[in-house]
Amino acid sequence: MIIIHLPQGAETDPVRRREERCSFERRALGTGDPVPSEAIWIDMVEPTREEDRRVELALGIEIPTREETRNIEPSEVLYVENGVRYMSARILCQSGTESPTLAPISFILKDHTLVTVRYDEPRSFQMFINRMARPGAGTPSGDHMLIALFETVIDRAAEILRLTGERIDEASSAVFDANTARRADVETFRKTLNTMGMEGNRISKVRESLVSIERMLLFLSANTAGATLPDDLRADVRTTLRDLQSLEDHATFLSQKIQFLLDAVLGLVSLEQNKIIKIFSVAAVVFLPPTLIASSYGMNFKNMPELEWQFGYPMALGLMVLSAVCTYFFFKIKRWL
């Protein structure tokens with residue numbers, strides 16, 4: 001399916017179109033419909049091979065297939081050919097689920113037109129389309145459209161990191177809060193470890209997506225093979241790069257926070273295990289002297305005076321209880337309990 005985004009009422013002259021901020025409309029092309037020459041953005045969502053050929057013939061470009069998009073070579077991530085800029089980035093999808101994924105998306109800039117080829121539905125794209133649908137929110141060219149799209153993707157990444165930070169804080173409170181720490185148990189620790197694992201995976205995917213976008217922005221800002229970025233966009237690119245780098249720093253901070261929380265939870269689990277082992281160790285030591293006394297009087301030697309004594313049995317029981325009590329209080333005095 002091809003979705004065309006083009007300015008409403010704008011003239012076909014590209015120079016005039018760049019001079020004004022236009023409102024945009026969205027149009028889905030049917031079978032056999034020509035690709036409008038005034039289109040600013042051609043958003044190809046799961047295109048068929050026939051749709052690929054229509055756009056290729058209309059714009060004189062090459063559209064990567066699904067297999068080429070998934071198995072793109074490192075040398076083909078960013079390149080310029082015949083004045084056309086071909087770029088690829090990995091955008092986060094299904095970010096609200098337990099298993100977020102990275103969708104490879106191709107971006108092609110030809111003159112004033114932006115072509116995107118995707119086989120997934122990142123929420124950031126829908127957010128951008130809704131934003132462009134507002135009055136006066138349009139952009140005059142494909143270059144401006146691409147930078148505005150990246151800004152929306154970065155805004156979405158910031159929102160994901162904010163929500164991730166809130167979930168990390170909730171997990172941290174469940175473990176370290178003074179009111180709940182006393183009630184923390186093995187199940188709480190298990191849930192915390194699961195949560196930290198999922199959030200760590202989400203953050204790593206956000207960082208990978210941001211790095212791919214950063215490479216594209218640096219590529220766009222460079223004069224590569226004669227394909228240059230308009231001067232009015234260079235300041236926007238620098239601002240977007242600063243925002244992106246600040247998000248990368250924030251993602252690094254969250255990763256370090258997750259690592260600290262993981263280490264702390266594992267330490268608490270070890271403390272709980274040590275408490276259990278300590279109880280068994282103390283019980284064994286407390287009952288060691290009574291066991292020694294009982295073993296001594298169970299050897300049945302011939303010459304044992306206490307065997308014939310009337311109070312020998314009560315005396316042995318008393319010695320065993322006394323030795324156990326003395327050992328227990330010795331531990332208490334030493335603060336080993």
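## Legends to close-up views of a predicted model

**View 1. D111 is exposed, with 53% relative accessible area.** In the classes used here, exposed is over 50% relative accessible area, buried is under 20%, and partly exposed lies in between (1.4 Å probe, protein chains only). The structure is a predicted model, in which local features need pLDDT of at least 70 and side-chain atom pairs count only at pLDDT 80 or more, while totals for chains, interfaces and linings use all residues. Residues are numbered from 1 along each chain as its sequence is written, and side-chain values use heavy atoms, with hydrogens and water left out. The loop between β6 (101–110) and β7 (113–118) holds D111. Helices (H or I, at least four residues) and strands (E, at least two) are DSSP runs, numbered from the N terminus. The phi of D111 is near 55 degrees, which is positive although the residue is not glycine. Most residues other than glycine have a negative phi.

**View 2. Strands β4 and β5 form a hairpin with two residues between them.** Strand β4 covers residues 78–81, and β5 covers residues 84–93. The two strands run antiparallel and are joined by four bridges; strands count as paired if DSSP finds at least two bridges between them. Y79 has Y86 of β5 as its bridge partner. On β4, L78 and V80 make up the covered face, whereas Y79 and E81 make up the uncovered one. N82 lies in the loop between β4 and β5 and has a phi near 55 degrees, again a positive value in a residue other than glycine. N82 counts as exposed, at 73% relative accessibility.

**View 3. E62, E67, E68 and E81 form a negative surface patch.** Patches are made of residues with over 30% relative accessible area and no salt bridge; like charges are joined within 9 Å, and nonpolar side chains (Val, Leu, Ile, Met, Phe, Trp, Tyr) within 5 Å. Asp and Glu count as negative and Lys and Arg as positive, while His and the chain ends are not counted. The place of a charge is taken as CD of Glu, CG of Asp, NZ of Lys or CZ of Arg. E68 belongs to helix α3 (residues 66–70) and is partly exposed, with a relative accessible area of 47%.

**View 4. V321, V325, Y328 and F329 form a nonpolar patch on the surface.** Together they have about 370 Å² of accessible area, calculated by the Shrake-Rupley method with a 1.4 Å probe; for residues, only the protein chains shown count as cover. V325 is part of helix α10 (residues 312–333). V325 counts as partly exposed, at 36% relative accessibility.

**View 5. R131 and D155 meet through their side chains in a salt bridge (3.5 Å, N to O).** R131 lies in helix α4 (residues 123–132) and D155 in helix α5 (residues 142–176), so the pair ties together parts that are 24 residues apart in sequence. A salt bridge is a side-chain nitrogen of Lys or Arg within 4 Å of a carboxyl oxygen of Asp or Glu. R131 is partly exposed, at 28% relative accessible area, and D155 is partly exposed at 39%. The whole structure has 13 salt bridges. A network of them links D43, R118 and E121.

**View 6. R167 and E199 form a salt bridge between their side chains (2.8 Å, N to O).** This pair links distant parts of the chain, with R167 in helix α5 and E199 in helix α7 (residues 186–221), 32 residues apart. R167 counts as partly exposed, at 30% relative accessibility. E199, in contrast, is buried, with a relative accessible area of 2%.

**View 7. K257 and D169 form a salt bridge between their side chains (2.5 Å, N to O).** Distant parts of the chain are linked by this pair: K257 is in helix α8 (residues 231–286) and D169 in helix α5, 88 residues apart. K257 is partly exposed, with 27% relative accessible area. D169 counts as partly exposed at 36%.

**View 8. D120 is found in the loop between β7 and α4.** At 31% relative accessibility, D120 counts as partly exposed. D120 and P104 are 16 residues apart in sequence, and their C-alpha atoms are 8.4 Å apart in space.
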